[in-house]
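Where does the ligand sit, and what surrounds it? This report takes the site step by step.

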Amino acid sequence: MTLASVLPPTANSLDCSHYAKGLYIGGQWIGGSGIPVVDPSTEQVLAEVPDASEAQATLAVDAAAAAAQGWRTTPPRQRAEILLRCHKLMLERIEELATLISLENGKALSDARGEVTYAAEFFRWYAEEAVRIGGEYRVAPSGSNRILVDMEPIGIAVLITPWNFPAAMATRKIAPALAAGCTVVLKPASETPLTAYALADLYAEAGVPAGVVNVITTTRPGPVTATMLNDARVRKLSFTGSTGVGRTLLTEAAKTVLSCSMELGGNAPFIVFDDADLEAALDGAMVAKMRNAGEACTAANRFIVQDGIYDRFAEGLANRMAALRVGPGTDPATACGPMITKKAVDKIDTLVTDALGKGARILVGGERPEGTGFFYPPTVLVDVPPSAAMAQEEIFGPVAPLYRFTNEDEAVALANDTEYGLAAYIFTQDLKRGLAIAGKVEAGMIALNRGLVSDPAAPFGGVKQSGLGREGGIHGIAEFMEPKYIATAF
Ligand code: NAP
């Protein structure tokens, strides 16, 4: 059965077991069970996917190795056309994929549709890049020889992704890897594996040869991924997830001196100056905070607001947050879906309680609802002291804490007071000041008078403990290639 035959794509009619056929290895489905996938809105089990063993992880690497030579020698134009078909098929099935994402992740359908579009765009962008892989040619300064540099696919890549963007975090890795000529093993998050398996079917339909993309799920990610990372045939690890797990994986990868790309956690400051356009800042704040109900690594985690605009910004944000409808992601009226797990709600609740204990005040929300589903209401906190735990930790939920500043130096000091450095947002109508502050804030990505920073055509990634390397843009494909230098006589 193909994806297209699963119709219509509504929450009630989507047969989730269709996406749980097994591990996807070498173009075959290897059945199994052991990982229940839970709908965070209802707490009902949607389907069960297999729990891969170390031996099955090695089978996946075997499949990637068997396909490697054929794929790296497939002409770039042919690789590009397959990637373009992936893009086209994803957009054709946007409603079905969005419903699936919404079911297993909980995010609002509008967010899920946005994710599918964003995720598909990586295939189009890297289809265009696949045929433009360049090299270098120079005469050596000594004049004794020529320098030729060829860009080769790095080799088999292990890709590990989180649950918050089940489609986009996978395609942001798979598309450049395939464009570069690499074969891959993807290990998606246990909470949201169905989208990864649905996409595996779609890639096959688009013409991706067996073994080029393999997908496995496991309840023991440590030992199972270590088996792959310690396999001498694997040459790349690309990880998106928390900084803590990233540190563990870097240690593991050191054993085989593996090339690593790390997209880790964030603690984005959202700085609003007195001269900001208030409505634009509020629009930006809602996008930066509430896309994915706050479950984004780029989510505004600290609103750092200047004295003169603080009260108006706080009131405007509280009004907008209060107007958001909370409910199951698959309900078209929902603006804020549930969190991924009960544990996630517990963490948010603990952070809010801690901030209140240290002097913060609630303008809206802040009360954990009773009943089924992992819900937390949109919340605005004011007078949050920098000593609150949420000033240092990712909230990963719909909570907007406001901090106050008086002058530029104070704003920059507050913004940089974190081990993270992923995204930052700055709102001011003075472009000169905006660019100057952008230069001083320690982050890999700055949104100036915008609430959205992600773009498949731009380098996504962080500094400090937010990661290593970049995904997207012309930089993303370089992570899957290795320069080979050939010194040749005239
Ligand atoms: P996580 O707990 O670090 O998990 C991410 C992935 O790593 C999952 O597939 C997980 O598998 C796997 N994993 C867990 N422990 C592992 C281990 N010891 N060895 C190998 N793999 C292991 O993160 P998450 O909770 O899913 O995602 C949220 C985090 O991701 C946040 O910190 C967020 O900021 C970050 N994030 C960063 C970006 C970015 O681009 N910088 C984008 C999105 C999210 P299981 O699911 O089976 O545990």
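## Model basis

This is a predicted model: local features need pLDDT of at least 70, side-chain atom pairs count only at pLDDT 80 or more, and totals for chains, interfaces and linings use all residues. Residues are numbered from 1 along each chain as its sequence is written, and side-chain values use heavy atoms, without hydrogens or water.

## Location

Domain 1 (8-263 + 467-489) and domain 2 (268-454) both contribute to the shell, so the ligand lies between them. The domain bounds come from an automatic or database domain assignment.

## Shell

The ligand is surrounded by 31 residues (a heavy atom within 4 Å of it). R172, S190, S242, L264 and E394 are the closest. The shell divides into 15 nonpolar, 11 polar and five charged residues. Here Ala, Val, Leu, Ile, Met, Phe, Trp, Tyr, Cys and Pro count as nonpolar, Asp, Glu, Lys and Arg as charged, and the others, Gly among them, as polar.

## Polar contacts

Polar contacts are pairs of N or O atoms within 3.5 Å. A polar side-chain atom of E394 is 2.5 Å from a ligand oxygen. For W163, a polar side-chain atom lies 2.9 Å from an oxygen atom of the ligand. T161 uses a polar backbone atom, 2.7 Å from a ligand oxygen.

Taken alone, the ligand exposes 900 Å², and the protein buries 86% of that (Shrake-Rupley method, 1.4 Å probe).

Notes:
Polar contact = N/O pair within 3.5 Å; in protein donor to acceptor, adjacent residues only side chain to side chain.
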